[in-house]
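Visitor: I would like to go through a protein model and ask what stands behind each label. Please set every value against its cut-off.

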Amino acid sequence: RLLCLHGFQQSGPRLRELLAPLMRAAPPSARFFFPTAPHELKPCRASWWRVDETDSRNVLYLEFERSRETLLALRATAAEPFDTVLGFSQGAAVAAVVCSDAALRQQLGLQRAVLVSGFMPRDASLAVSVRTGFHLPTLHMFGLQDTVVPPEHSQELVGCTPRTNSEVVTHAGGHILPQEPDHCRKVWDFLQRPGVLQN
């Protein structure tokens with residue numbers, strides 16, 4: 001049961017389209033959920049928070065509480081808890097924040113994470129939370145030619161997740177989701193690996 005979080009200026013339906021190769025490779029029991037972030041930027045394009053860069057030394061992510069409410073509302077309509085969060089780009093940063101919030105993580109039922117082209121939040125308070133509270137098994141995937149989220153930014157996020165039961169997969173491409181059969185297989189191999197689930 002994968003909670004899938006889209007990137008900046010995307011939407012749930014758009015992420016579903018982009019994840020089609022991964023979904024085709026999924027085991028029959030897999031279920032996917034694609035919420036759209038609550039902060040609409042333009043039709044069919046949304047964000048998980050509003051950014052206040054008035055002080056470049058103290059960037060703030062505003063109204064993230066609305067995103068928490070969106071995720072909890074989706075959980076309330078689902079028959080069972082989610083067990084995995086998959087985030088792309090901004091969605092990966094959101095996933096890291098969600099996984100570092102013990103109460104929210106437990107309410108959603110999350111036990112593991114897949115972060116694609118992820119990065120540390122620039123909001124200092126959320127970054128501290130990720131550095132100190134992210135303890136779930138995690139698969140990180142990012143492109144060595146990514147110019148949107150440079151590899152060193154994704155690598156910084158890697159350093160916040162546990163070494164045990166976590167994995168890093170790089171590829172020669174840019175800012176993309178798993179498309180190639182080998183990349184999709186690595187995602188499902190990780191999710192089905194014994195010991196990744198916490199219970």
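**Labels and their cut-offs**

Guide: The side chains of histidine 39 and arginine 66 are joined by a polar contact of 3.4 Å. The model is a predicted one, in which local features need pLDDT of at least 70 and side-chain atom pairs count only at pLDDT 80 or more, while totals for chains, interfaces and linings use all residues. Residues are numbered from 1 along each chain as its sequence is written, and side-chain values use heavy atoms, with hydrogens and water left out.

Visitor: Why is the link between histidine 39 and arginine 66 called a polar contact?

Guide: A polar contact is a pair of N or O atoms within 3.5 Å; within protein, one must be able to donate a hydrogen and the other to accept it, and residues adjacent in sequence count only if both atoms are side-chain atoms. The distance here is 3.4 Å, so the pair qualifies.

Visitor: What makes histidine 39 buried?

Guide: Buried means under 20% relative accessible area, exposed over 50%, and partly exposed in between (1.4 Å probe, protein chains only). Histidine 39 has 0%, so the label is buried. This residue lies in strand S3 (residues 39-42); strands (E, at least two residues) and helices (H or I, at least four) are DSSP runs, numbered from the N terminus. Leaving aside neighbours within four places in sequence, histidine 39 is in contact (heavy atoms within 4.5 Å) with residues including Trp48, Trp49 and Arg66.

Visitor: Why does arginine 68 count as buried?

Guide: Its relative accessibility is 19%, and therefore arginine 68 counts as buried. Arginine 68 sits in helix H3 (residues 64-77). Its side chain makes a polar contact of 2.5 Å with the side chain of aspartate 101. Not counting residues up to four places away in sequence, arginine 68 touches Asp101 and Leu104.

Visitor: What makes valine 148 exposed?

Guide: Valine 148 has 56% relative accessibility, so this residue counts as exposed. It is in the loop between strand S9 (138-143) and helix H7 (151-158).

Visitor: How do you know that alanine 93 is buried?

Guide: The relative accessibility of alanine 93 is 0%, hence buried. Alanine 93 belongs to helix H4 (residues 90-100) and, leaving aside neighbours within four places in sequence, is in contact with Trp49, Phe119 and Pro121.

Visitor: How many aromatic pairs are there?

Guide: Rings of Phe, Tyr and Trp (its six-membered ring) pair if their centres lie within 6.5 Å; planes under 30 degrees apart count as stacked, over 60 as edge-to-face and the rest as tilted. The count by this rule is five. In one of them, phenylalanine 33 and phenylalanine 82 are 5.0 Å apart centre to centre with 65 degrees between the planes, which makes the pair edge-to-face. The pair links phenylalanine 33 in strand S2 (residues 32-33) to phenylalanine 82 in the loop between H3 and strand S7 (84-88), 49 residues apart.

Visitor: Which residues do ring pairs link into a cluster?

Guide: The cluster consists of Phe32, Phe34 and Trp188, linked by ring pairs.
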